[in-house]
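Subject: Structure handover

Hello,

Here is the structure for your files. My notes on it follow below.

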Amino acid sequence: MKDKVFKLKSEYKPDGDQPKAILELLDGLKKGLRKQTLLGATGTGKTFTVANVIEEWNKPTLVIAHNKTLAAQLAQEFREFFPDAAVHYFVSYYDYYQPEAYMPVTDTYIEKDAQINKEIDRLRHATTQSVLTRKDVIIVASVSCIYGLGSPEEYEKVNLKLEIGSKISRTDLMRKLLGIHFERTNADLNPGTFRSIGDRVEVMPISETFIYQIEFSSSPRQGLGPNSGKDKSLGLASGNSYISKILKVDPVSAHVLKDENGIFLFPAKHFITEDEKVKVALKNIKLELTQQLKKFEKEGKLLEAERIKRRTNYDLAMIKEVGYCNGIENYSRQLSGKKEGEAPDTLLSYFKRDFLTIIDESHVTLPQLGGMYAGDSSRKKTLVEFGFRLPSAKDNRPLKYEEFEKRIGDVIYVSATPSELERTTSDKIVEQIIRPTGLIDPEIIIRGVTVKENYGGQIEDFVKEADRVIKKGFRAIATTLTKKMAEDLSIFLKEKGYKAEYLHSDIKTIERIQILTQFRKGDFDILIGVNLLREGLDLPELALIGILDADKEGFLRSETSLIQIIGRAARNVEGRVVLYADRMTKALDSAIGETTRRRDIQIAYNKKHGITPQTIIKKIKDITEELENKHEKAVNAELDLDVELFKRTFGQSKSNKGKGERESVKNLLLSDEDRNKNVYEKIIKIKEKEMNKAVKELDFETAAILRDEMVVLKGKMDKINSIDKK
């Protein structure tokens, strides 16, 4: 067998049903079974089972989740299991997205409007670069992986290779960077930008947050001395120069991290097209416009003809002059040279080798994958029909489900409640019911929805139940049917003095992840949600779930949804679920029956092996820590440095004046006896002075960092004051 590229690191060994499930899934893969299903009850360690399969199968792996929050959690878990591998998070980079659309009934045209999250865009580039260059790759993606991404061949072909001794001028290097869509700036560098300082070019790769400093000399072996640039700058700029040094540098501290011999710089955009292809594309777009105008004129659609003529000619002029136009993705078929109806390039196209696909929570993810094309096609059809887009715009689309299936190879569906699709198409279904922790499915209690004599109804009862749980140090969740009810219940609980927060689809990606992390940490005790709290969310601190209006039949209260919601409380030994219902529905009856079956299997296993159930203990980590921008990192790094320096100099003499304010802070403050308050107060005063000085010097970036440091320090001081009061 080939050398293993994946090395699983965990303090645990497979237990319960896990060893059997791992062996059965691997046996299926070895036998060439293309589709398998892992039917794993909540809390049985499905992710750990999958991690063991990935290690043994030893192939690049794509994990698809149905929402960004779950994808973030899975990415963090796989990073813990495979710390040496390239584990990446690939989701849509839009914080806000309003697609282009036209509504004929009201004659309303809606222009595309989007807000791109630059940090997520950086992670997407890190993903594609790793897939193209490494074997030990695990990509955790949302369904955005089936949307157009640009040709991997073009993306890989135009990467820029720079080595010590390479003959290239500073000017030529900057031209090449512009050619692969890097932007020049004179300000601070962000991913995908570069700047020229003297005879040095500094560039920040699109997928990273460090800087490469590229220095030049007039000969392959000659380094630049302090004064060497004075008489050689003309040569270095015009072509008689060589790369003499490549330094990897921290952008905040300016410390040299590594002396590089050579580097690769990938394009700053995924959509790359050669100049010759652009010329051909422009001709084909003009030809398509001519054909569409004839069609509209023949049908008597003069308004539509004029509309498409103006728009297309404007777009053609923009592409020709600046290489870009708004909505350029609608010409992707022409620019890529693909045929009409041909599937677009997606993330799947970047996997050149045989790879394994894991579809997490498949009962939800598969319908999403299957439904994306139809919705997009309907919208594009209307735009084309009314002259807002050329017919080729319809090929700027997600993959059809059949196209997706052809591109994924071996697949393992993972779900606690697989749908009929997985059950009927899988070559093998592997069941994993027993939890190694011994945890039993939560106790289910049924109570009424409406207010009755001596019973205040579902809200009052949930508050009482949540109060008991919170006093024990655990958390509670309430699931509602609408966003409005989630928000209203959150306000009601806050007015009652509870620390509560709501979570629904209107909340941005990173904020969602932060809310769940804060919930686990205990920053608030009650979380209210709609359907985002069902599949895959791992919350060991959760001991109570109240399912409001459980008897209202529909998608949110189906058998599958109810089993998934109930499963969220299966990671805590004291987990309980209260179903608020005035009548018994078929979905309730089935969900309770399946939960009881699983409880019986686990109880029998525990009795046989003498296991006492234990609550899962899991580290609280947040993927958003790596999404911090440079400013946030600078604030945190600076404060950490202050604390470390204060510790080292504690108890030293105060007579260090004249060495600058930071030196005086180091030696003065930690000699105070009252370290709790005086230290923070004095640091804040000194930082305030430094901030005002920076503002006067127009150094607004330093001033902003100092301001945020003061906010953090004041927060710490407030905590100390609150402890003192107690």
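Two strands count as paired if DSSP finds at least two bridges between them. Helices (H or I, at least four residues) and strands (E, at least two) are DSSP runs, numbered from the N terminus. This is a predicted model: local features need pLDDT of at least 70, side-chain atom pairs count only at pLDDT 80 or more, and totals for chains, interfaces and linings use all residues. Residues are numbered from 1 along each chain as its sequence is written, and side-chain values use heavy atoms, with hydrogens and water left out.

The sheet

Strand 21 and strand 23 run parallel and are joined by four bridges.

Contact means heavy atoms within 4.5 Å.

Helix 15

Which residues of helix 15 are buried? They are A486, L489, S490 and L493. Buried means under 20% relative accessible area, exposed over 50%, and partly exposed in between (1.4 Å probe, protein chains only). The four cover an arc of only 105° around the axis, so they sit on the same side of helix 15. That arc is taken from the directions from the helix axis to the C-beta atoms. K484 and E495 are exposed on the other side. The cover over the buried residues includes helix 14 (458–471), strand 21 (475–479), strand 22 (500–503) and strand 23 (526–529).

The length of helix 15 also checks out. Its 13 residues (483–495) should span 18 Å at 1.5 Å a residue, and the end C-alpha atoms are 19 Å apart, which agrees. The expected span is 1.5 Å times one less than the number of residues. After helix 15 comes G497, with a positive phi near 95°.

The cores

A nonpolar core is a set of buried Ala, Val, Leu, Ile, Met, Phe, Trp, Tyr and Cys residues joined through side-chain atoms within 4.5 Å. The largest has 39 residues, and F78, F82 and I412 have the most contacts inside it. Helix 3 (68–81) is among the elements that give two or more residues. Its share, seven residues, is the largest. Beyond its neighbours within four places in sequence, I412 is in contact with residues including L25, L29, V53 and I358.

Loop residues to look at

Most residues other than glycine have a negative phi. H181 is not a glycine, yet its phi is positive, about 70°. H181 lies in the loop between helix 6 (170–179) and strand 10 (183–184). Its relative accessibility is 31%, so it counts as partly exposed.

E361 also has a positive phi, about 45°, and is not a glycine. Its loop runs between strand 17 and helix 11 (362–385). E361 counts as buried because its relative accessibility is 3%.

Best wishes
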